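Let's take a walk through a protein model together. Keep the sequence and the 3D view side by side as you read.

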Amino acid sequence: MTALVTADPTGSVAPTTPARRAAAEGARDITPMVIGVVPFGLAIGAAIGATGLGTAEGLASGPVILAGAAQLSTVQMLDSGAAAWVVVASALMINARLLLYSASLAPWFRGAPLRQRLLLAVPVIDQMHFTCVPRFERGDLDRRGRIAYYAGAAAWLCSAWIGTQVVAIVVGAQVPESLGLHVAAPLALAGLLAKSLTDHRSHVAAAVAAVVAVVAVGLPFHSAVLVAMLVGIGAGVVVD
C-alpha cells in the first residue's frame with residue numbers, strides 16, 4: 001500500500017513522447033499486472049459458469065463491476081439468493097477503495113473535458129493506480145501523453161480481464177481443479193502488495209492494514225477491506 005499523495009501534476013511539461021508511443025508504453029508497463037490478473041479472471045469466470053446465473057448476466061458482470069473481489073462477492077451472493085440491496089451495498093463497500101485511487105489519479109487529468117474524464121474513471125482499479133501514478137510522477141509526459149499512457153494500459157488490462165472471464169464462463173465447471181485457480185486472488189493481491197512496498201511508511205501501513213483486515217473480517221457488507229485500508233493509511237500518515 002502506498003501513500004495516495006502524488007507529486008504536483010499541474011506544472012507544464014513539454015510533450016516529449018508521442019501519444020501512440022505513450023499508449024504502447026502503458027500497455028507494456030501494465031503487462032506484469034495483466035499476467036497476474038489472468039488466473040483471477042479465469043477463476044471468476046469459472047465460478048460464474050458454475051452458478052445458476054445466466055450467461056448474459058455473467059458476461060455483463062465483468063465490465064459493469066470491473067473489480068475482482070466485488071465481482072466474485074456479487075456473483076456468489078446473487079447465486080445464493082441474497083437480497084438485492086445487500087448485494088449492492090456489499091459491492092459498493094468493497095469497491096469504496098477505488099475512491100482513494102480516483103482522488104490520487106484525478107489531478108493528473110485536470111483540465112481534460114468532463115466527458116473524457118468520465119471515460120477515464122471507468123477502469124480505475126488497483127492495477128491502474130499502481131502502474132500509472134509512478135509513471136506520471138517521472139514528469140516527462142504532458143496531459144495528452146498521460147491520457148494516452150493511461151488509455152493504453154487500461155485497454156490491455158480490461159480486454160485481458162474480460163476476455164479470460166468470457167473463456168472461463170463458456171467452459172464453466174469444466175475448468176479442472178488441478179489448475180489451482182482458487183489461489184489466483186491471493187497471488188494477484190500479493191503482487192500488488194509487493195509492488196507497493198517501497199519505504200518504511202508503506203511497510204507500516206501494509207502491516208497495520210493486514211492486522212485490521214484479519215480482525216475485522218466479520219464486519220457487515222464485506223467492509224473489512226475498506227476499514228483496513230483507511231486504518232493502514234492513517235498509520236502511514238502517523239509514521240510520516
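Start at Q71. Setting aside neighbours within four places in sequence, Q71 is in contact (heavy atoms within 4.5 Å) with I44, I48, S61, G62, I65, W161 and Q165. Q71 sits in helix α3, residues 68–79; helices here are DSSP runs of H or I with at least four residues, numbered from the N terminus. Because its relative accessibility is 0%, Q71 counts as buried. Buried means under 20% relative accessible area, exposed means over 50%, and partly exposed lies in between, using a 1.4 Å probe and protein chains only.

Before going further, a word on what you are looking at: this is a predicted model, in which local features need pLDDT of at least 70 and side-chain atom pairs count only at pLDDT 80 or more, while totals for chains, interfaces and linings use all residues. Residues are numbered from 1 along each chain as its sequence is written, and side-chain values use heavy atoms, with hydrogens and water left out.

Now find helix α2 (residues 55–65) and helix α8 (residues 143–171). Their axes come within 9 Å and cross at roughly 160°. The axes are lines fitted to C-alpha atoms, for helices over the stretch in contact, and angles run from 0 to 180 degrees between N-to-C directions. α2 and α8 are therefore roughly antiparallel to each other, the label for angles over 145 degrees. Which residues make the contact? On α2 they are T55, G58, L59, G62 and P63, and on α8 they are W161, I162, Q165, V166 and I169. Sorted by type, the residues of this contact are six nonpolar, four polar and no charged. Here Ala, Val, Leu, Ile, Met, Phe, Trp, Tyr, Cys and Pro count as nonpolar, Asp, Glu, Lys and Arg as charged, and the others, Gly among them, as polar.

A148 is buried, with a relative accessible area of 11%. Leaving out neighbours within four places in sequence, A148 is in contact with A19, A22 and A23. A148 and A24 are 124 residues apart in sequence, and their C-alpha atoms are 8.5 Å apart in space.

Next comes helix α7, residues 126–136. Ten of its eleven residues are buried, so α7 is largely enclosed by the rest of the structure. Among the buried ones are M128, F130 and C132. C132 counts as buried because its relative accessibility is 0%, and C158 counts as buried at 15%.

Notes. Helices (H or I, at least four residues) and strands (E, at least two) are DSSP runs, numbered from the N terminus. Angles under 35 degrees count as roughly parallel, over 145 as roughly antiparallel, 65 to 115 as roughly perpendicular and the rest as oblique.
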